[in-house]
Amino acid sequence: MRQEITVDRIAPKNLQPEDVPLFEGAFSVKFERLHPTQVSHCWVLQDTVFSPGEVKFYSAYTHISNLGAPQFAKRIVYCALKSWRKVSQGTWVTDEWSSNFFHWTTDCLPRIWEGMDLDKDSPILLPESFRNLPYVIQSLEMVGAKVEFFKVSENLHVDRLILTARTATFPNFHVELTRRTREFFRKFQSSIVADKVVYISRKLAPKRKAHNELEVELMLRKRGVEIVYAEQLTFKQQVELMGQTRFLICLHGAALTNMVFLPESAEVLELRNIGDSKTQCYFNLASALNLNYYYTLNPGDNQDTIMTNFTIDVTALSQQLDSLGIY
C-alpha cells in the first residue's frame, strides 16, 4: 500500500525576488511512498530480495528504480553458484545509494526507525562492505541496533524479513522520521546552550571545493567563525559539535547533512551554485527540520553542482553575515 504525502515549504529567509525561480519548484510537492512490509521465507540475492513462494522480487524496496526482467535474470545467474546461509530474521534498510553519508543519514536512519517500531530486536541486514564505513558502524552503535552482515559470496535465506522502503522520494524527506533522527541523537549532545557559528570546509574533500578557500576561511576567522573539517571528526564528534552550533555555513555537499543534528533553534546557510534550480536537497532538508535557511549564489565551473568546483562570492557571504549580526 502506498502513502501519498504533500509537503509545503517556507521560502529561504533571505530570498531575493530575482531568485524565486531557483526555489519555486520546491515550495510545494507531492510524492508517494511504500509502507514497510514483512515477508516470510525469502531470499537475499546480492542486492535485492526474492520471495520464492510468491515468485516475486521486492526491488521497489531495495532499489531507487524497479529492476526489470534482464536485471533479475542476471542476479539469478550470478547468485546460482553462491553458498547459502540461513538467517532467522532481519530488517532491510538499504538501496544502491545507501553507502553515501548523506543517504545513510537521511534515508537509512529513518528506515531503521520504522523497522525498529515493528521489531526492535530484528537485526539490520547489511553488505559486508558497510563494515568499512565508520559513520555506519558508529551510528549503529549509538542506536544500539543489532547488525547481520552478509558477504558478497553468499545468499541468505531469511525466515522473517522486515522490508522498509525509502521514506520519501529524492530529494524530499519524511518530516516526522527526519525529526526523529534529530531527537534520538540529541541524547549524545552534552551542550545545553548552542552558541557556535561553524563553517564546515571542503578543503580536504576529493571534489566540490572552493578555489578561494583560503580567502573564505580568513574572512570567517576574523568574524570568530569556527572552521572544521568533517573528514577529521568521528560521527559522534560531528553530532556533538552540531549540538553546540547555532549557525552552520557550508558549501553544497555531504557535510551539510549534519544539519540533521542541529537544535531546532539553529540556522543554516548553504553556499549554492548560481542558476541551479534542481539541487534542492539541503533546502528541503532544512525545511523538514524547521530550520531557518539562508543561501548565497556562487559561480561554479559548470552547471553540474554535484561535480563542479566553486569560487565563493566572499562579498555576498560577508554581507549576509553582516545582516545576521555575525561580526
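Predicted model: local features only at pLDDT ≥ 70, side-chain atom pairs only at ≥ 80, totals over all residues.
Local features need pLDDT of at least 70 and side-chain atom pairs count only at pLDDT 80 or more, while totals for chains, interfaces and linings use all residues. Residues are numbered from 1 along each chain as its sequence is written, and side-chain values use heavy atoms, with hydrogens and water left out.

The UniProt record, an unreviewed entry, places the feature "domain: Glycosyltransferase 61 catalytic" at residues 101-268. UniProt positions are given in the numbering used here, feature names are shortened, and annotations may be inferred rather than shown by experiment. Over residues 101-268 the chain is 35% helix and 22% strand. The end C-alpha atoms of this stretch are 19 Å apart. Helices (H or I, at least four residues) and strands (E, at least two) are DSSP runs, numbered from the N terminus.

A search of the whole structure finds 26 aromatic pairs. Rings of Phe, Tyr and Trp (its six-membered ring) pair if their centres lie within 6.5 Å; planes under 30 degrees apart count as stacked, over 60 as edge-to-face and the rest as tilted. The ring centres of W43 and F50 are 5.6 Å apart with planes at 50°, so this pair is tilted. W43 is partly exposed, at a relative accessible area of 28%, whereas F50 is buried at 14%. Buried means under 20% relative accessible area, exposed over 50%, and partly exposed in between (1.4 Å probe, protein chains only).

W97 and F170 have ring centres 5.6 Å apart and planes at 80°, so they are edge-to-face. This pair links distant parts of the chain, 73 residues apart. W97 sits in the loop between β6 (83-92) and α4 (101-118), and F170 in the loop between β9 (154-163) and α6 (175-185). W97 is partly exposed at 33%. F170 is partly exposed at 41%. Elsewhere, ring pairs join F101, W113, Y135, F184, F185, F188, F235 and F261 into a cluster.

P171 lies in the loop between β9 and α6. Most residues other than glycine have a negative phi, and most peptide bonds are trans. V55, not a glycine, has a positive phi of about 50°. V55 is in the loop between β4 (48-51) and β5 (56-57) and is exposed at 64%. R208, also not a glycine, has a positive phi of about 55°. R208 is in the loop between β10 and α7 (213-222) and is buried at 7%.

The largest pocket has a volume of about 750 Å³. On a 1 Å grid over the protein atoms alone, a pocket is an open set of points where a 1.4 Å probe fits, with protein on both sides within 12 Å along at least five of seven lines; lining residues have an atom within 4 Å of a point. A volume is the space filled by probe spheres set on the points, which are joined across faces, edges and corners. Of the 34 lining residues, N100, F101, F102, A254 and A255 are the closest to the centre of the largest pocket. Elements giving two or more residues to this lining are α4, α5 (134-143), β10 (196-201), α8 (235-243) and α9 (281-288). The lining has 18 nonpolar, 11 polar and five charged residues. Ala, Val, Leu, Ile, Met, Phe, Trp, Tyr, Cys and Pro count as nonpolar, Asp, Glu, Lys and Arg as charged, and the others, Gly among them, as polar.
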